[in-house]
Amino acid sequence: GHYRIFTPYWRTWRTAAWRQPCRAPETVSVPAGIEPGDLPFPDRGSSAGLLPGGERAGRDRATAWLDGPLKAYGDERDLLASDETSRLSAYLRFGCVSPLALAQAALSRPGGEEFCRQLAWCDFFHQVTAAFPDIGTEDYRPSPHGPRNWAEDPDALDAWRAGRTGIPVVDAGMRQLTAEGFMHNRARMITASFLTRTLGIDWRHGYRHFRELLADGDVACNAGNWQWVAGTGNNPRPGRMLNPLRQAARFDHDGDYVRRYVPELASLAAPYIHTPWKLPTAHRKQLNYPDPLSA
Ligand SMILES: Cc1cc2nc3c(=O)[nH]c(=O)nc-3n(C[C@H](O)[C@H](O)[C@H](O)COP(=O)(O)OP(=O)(O)OC[C@H]3O[C@@H](n4cnc5c(N)ncnc54)[C@H](O)[C@@H]3O)c2cc1C
């Protein structure tokens with residue numbers, strides 16, 4: 001069996017006996033005659049803001065994180081503009097940083113308990129995926145009323161992918177993804193909810209787009225979270241949807257996250273930066289920003 005709901009999983013995770021991380025080997029034998037060179041970084045595609053890869057960069061980031069911003073993690077992790085999360089996900093996903101070593105170093109520090117809870121989410125989705133390997137293609141929780149009726153709307157899907165939905169906080173998230181190969185967790189939730197709940201588009205489209213662009217893209221965490229938001233997965237409240245405007249008011253109160261990624265709106269003050277369609281028509285037209293698909 002496996003845990004279907006996170007909270008009992010977390011309780012067990014928290015009290016389980018932890019092993020010591022493996023010790024680093026004294027020496028590593030590599031085949032002769034190979035010049036490893038530098039890590040390949042020639043082409044970041046359009047993701048110009050992608051972080052540098054590799055173990056050294058990951059470990060440096062982990063140390064700086066543990067000694068600094070971790071202490072404010074519990075209060076700040078949802079604030080879009082402050083960007084105070086570890087950004088270790090891609091290093092964890094590629095094994096550049098050990099989650100066990102990270103958890104052991106973090107747990108007793110201020111902010112550590114909340115941080116470890118997030119690390120446990122990743123493990124949670126991995127054990128769900130071990131039990132349900134089709135998580136990237138099939139609904140984990142099939143509807144009792146037969147197949148779900150997802151909307152077919154290629155134009156809306158394209159607008160969502162391009163960050164041109166006309167909902168600033170959604171567009172900011174989608175543009176962060178393109179620019180950095182990363183998106184803040186709160187923005188992932190808002191953009192995923194907007195696609196699946198507001199536009200009614202199948203989560204598989206969103207999952208595939210994220211998989212293509214996220215540096216931390218991983219079947220278990222990506223599909224597990226998509227299904228959680230879409231209400232087809234492990235969410236104990238599957239009917240819950242996020243209102244993007246309320247989310248924006250709460251987690252990007254001054255509009256700085258939108259300002260960073262949606263330059264057309266940078267001159268606007270809050271609250272108009274989140275609702276540009278409420279501006280007088282003449283002003284709105286100057287912005288070269290689309291009307292909302294849905295508000
Ligand atoms: C629709 C959607 C898709 C997602 N796709 C992925 C994905 O492909 N790969 C991925 O690693 N995370 C995914 N996440 C989870 C989360 O958004 C990222 O792990 C987090 O934003 C990474 O930033 P960070 O390293 O600064 O996180 P921090 O807040 O610093 O958290 C530390 C670590 O905990 C883990 N973690 C945090 N939140 C979650 C979560 N909700 N689910 C699983 N693990 C979590 C990650 O390993 C993360 O690096 C997704 C979330 C959503 C809503």
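The model is predicted, with local features requiring pLDDT of at least 70 and side-chain atom pairs counting only at pLDDT 80 or more, while totals for chains, interfaces and linings use all residues. Residues are numbered from 1 along each chain as its sequence is written, and side-chain values use heavy atoms, with hydrogens and water left out.

Select the ligand and then the 28 residues that surround it, the closest being Tyr73, Thr85, Ser86, Arg87 and Asn185; a residue counts here if one of its heavy atoms lies within 4 Å of the molecule.

Next, display the polar contacts, meaning pairs of N or O atoms within 3.5 Å. The side chain of Thr85 places an N or O atom 2.6 Å from an oxygen atom of the ligand, a backbone N or O atom of Ser89 is 3.0 Å from a ligand oxygen atom, and a backbone N or O atom of Gln118 lies 3.3 Å from a ligand nitrogen atom. Of the 820 Å² that the ligand exposes when taken alone, the protein buries 97% (Shrake-Rupley method, 1.4 Å probe).

Now colour by helix (DSSP runs of H or I, at least four residues, numbered from the N terminus). Helices H4 (89–93), H6 (112–131), H9 (185–198) and H11 (219–230) each give two or more residues to the shell around the ligand, and H6 gives the most, with six.

Go then to Arg87, in the loop between helix H3 (73–76) and H4, where phi is near 55 degrees, a positive value in a residue other than glycine.

Finally, select Ala270 and Pro271, which are joined by a cis peptide bond with omega of about 5 degrees; Pro271 is placed in the loop between helix H13 (256–261) and helix H14 (281–286).

Notes: Polar contact = N/O pair within 3.5 Å; in protein donor to acceptor, adjacent residues only side chain to side chain.
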